[in-house]
Amino acid sequence: MKTTSLLIYSALIIFNLFFESVLLAQSVVRVDSFYMPSLGRTKKLSVLLPTKYDPAKQYPVLYLLHGYSGGHDDWWTRTKLREYVRDLPLIVVMPDGENSWYANSALEPNERFEDYLVKDLPQYVHKLYSIDTTRQAIAGLSMGGYGAMMLGLRHPSKYEFVGSLSGAITFPRGMNDTTRPAERSLFPSLRRAFGERPNISRNAHDVFILYRQTPKDSLPYMYMAIGIQDGYRSFLPGHRAFTDLLRTYGAAYEYHETQGGHNWQFWDREIQPLLRRMREVLKF
């Protein structure tokens with residue numbers, strides 16, 4: 001009997017040590033919710049904190065955006081992001097942007113997702129955590145990649161670094177080019193965000209127009225990567241055309257075409273070099 005109890009006790013100790021080692025190997029996740037004045041409702045967000053977070057220090061922040069049909073927990077549940085940032089002095093904030101394209105809706109006055117991202121969310125995060133406001137970045141995948149580029153170009157003074165993986169940067173200008181089923185499925189959300197027809201709202205959220213509205217030396221550093229097997233037929237040529245414009249303009253950017261499709265395997269791999277480059281740009 002004593003031998004059995006001792007074995008059980010030893011097994012519990014080993015399990016606890018293993019469990020603690022797993023926890024220590026990853027950054028701390030906090031899932032929170034708060035009322036967003038810009039939307040008039042409460043939304044959830046996920047925050048990754050360094051394993052040795054110290055409120056007495058100021059940390060760079062990365063606002064990391066999800067893709068279409070995603071949510072605030074996508075990045076840390078579907079990739080190894082917690083492992084990749086565990087030793088970094090970095091706070092990662094992941095909001096829930098629904099299928100908003102991170103824009104203030106052209107059709108629904110109460111759906112001001114851009115205001116939520118650039119006003120409500122930073123105010124809330126800055127109250128809870130020790131943020132270095134001079135070292136802020138924004139990045140995302142697919143719809144979130146477009147959102148990061150669009151918000152970074154519309155608010156260049158807020159971000160030093162903008163990152164996009166498989167970014168849907170051909171929208172909104174290409175929203176009427178819906179010859180493939182996958183792209184037709186996006187049209188209702190695109191119409192809700194940018195309106196029924198080509199208009200001022202579309203131009204105001206078109207990265208192909210936005211980049212030249214800011215002097216090149218005042219633009220954030222732009223990092224883009226896309227898989228050469230990406231299933232959205234407009235995305236790869238769109239990236240090539242956009243980077244040609246950035247090069248001609250003299251903007252600071254970095255562009256990578258690598259093997260891979262429009263999927264989590266690609267994003268899990270490519271978030272790692274994005275993080276490394278972000279560290280170099282933000283100097284931490």
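Ala, Val, Leu, Ile, Met, Phe, Trp, Tyr, Cys and Pro are counted here as nonpolar, Asp, Glu, Lys and Arg as charged, and the others, Gly among them, as polar. On this basis, the lining of the largest pocket in the predicted model divides into 10 nonpolar, five polar and two charged residues. The lining comprises 17 residues in total. Nearest the pocket centre lie G67, Y68, S69, L141 and W267. Two elements, α2 (74-78) and α11 (264-282), each give two or more residues to this lining. The space in the largest pocket amounts to about 200 Å³.

The protein as a whole contains 11 helices and eight strands. Of its 284 residues, 51% are buried. Among contacts with a separation of 6 or more, 75% join residues 24 or more positions apart.

D32 belongs to strand β1, which spans residues 28-36. Its relative accessible area is 27%. D32 is therefore classed as partly exposed, since buried requires under 20% and exposed over 50%. Beyond its neighbours within four places in sequence, D32 contacts K43, K44, L45, Y124 and L128. K44 is 12 residues from D32 in sequence, and the C-alpha atoms of the two are 5.5 Å apart. With Y124, the contact includes a polar one: the side chains of D32 and Y124 meet at 2.2 Å.

Technical notes. Residues numbered from 1 in each chain as written. Predicted model: local features only at pLDDT ≥ 70, side-chain atom pairs only at ≥ 80, totals over all residues. Heavy atoms only, no water. 1 Å grid on protein atoms, 1.4 Å probe; cavity = no way out; pocket = protein on both sides within 12 Å on 5 of 7 lines; lining within 4 Å. Points joined across faces, edges and corners; volume = space filled by probe spheres on them. Helix = DSSP H or I, 4+ residues; strand = E, 2+ residues; numbered from the N terminus. Buried < 20%, exposed > 50% of the residue type's maximum accessible area, 1.4 Å probe, protein only. Contact = heavy atoms within 4.5 Å. Polar contact = N/O pair within 3.5 Å; in protein donor to acceptor, adjacent residues only side chain to side chain.
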